[in-house]
Amino acid sequence: MSWLKLAQMKTGDSNLREVGAFEAKNTLGTLLDRVERGEEIVMTRHGKPVARLVPNAGGIDRSRARAAFERIRERARLLHEQNKDKGPLDWPTLKK
């Protein structure tokens, strides 16, 4: 689609294209179609990259998030148990 004036980026990645902001505004539907097919679109303003349209990586895997939360909670509990006789945390010392 030459009217989009999509140019291959200097990175050599054939799935990475750039388009000016004005053209992106006028052809957003077509750009979204291309992104759905796996392309990445870099939008430029006066030749400088300002935004990137990328395929959606998918939603949050709630079971993995819950498992990570439980691991963090368990580690915090263990640390608390190991250090309960040492008093409260000294945050200024820990930050050093």
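**Salt bridges and a hairpin in a predicted model**

Let me begin with Glu39, which is buried, its relative accessible area being 12%; buried here means under 20% relative accessible area, exposed means over 50%, and partly exposed lies in between, with a 1.4 Å probe and protein chains only. The structure before you is a predicted model, in which local features need pLDDT of at least 70 and side-chain atom pairs count only at pLDDT 80 or more, while totals for chains, interfaces and linings use all residues. Residues are numbered from 1 along each chain as its sequence is written, and side-chain values use heavy atoms, with hydrogens and water left out.

I turn to the charged pairs. A salt bridge is counted when a side-chain nitrogen of Lys or Arg lies within 4 Å of a carboxyl oxygen of Asp or Glu. By this rule there are five salt bridges.

What does Glu39 form with Arg34? The two residues form a salt bridge, with 3.3 Å between the closest N and O atoms. Arg34 is buried, with a relative accessible area of 12%.

Glu39 also meets the side chain of Arg17 in a salt bridge, at 3.8 Å from N to O. Arg17 belongs to strand E2 (residues 16-20) and Glu39 to the loop between helix H2 (28-36) and E3, so this pair ties together parts that are 22 residues apart in sequence. Helices (H or I, at least four residues) and strands (E, at least two) are DSSP runs, numbered from the N terminus. Arg17 is partly exposed, at 23% relative accessible area.

Arg77 is partly exposed at 41% relative accessibility, and Glu74 is partly exposed with a relative accessible area of 35%.

Finally, the hairpin. Strands E3 (residues 40-45) and E4 (residues 48-53) run antiparallel and are joined by five bridges; two strands pair if DSSP finds at least two bridges between them. Which residue stands opposite Met43 in E4? That residue is Ala51. Two residues lie between E3 and E4 in this hairpin, and His46 in the turn has a positive phi of about 55 degrees.
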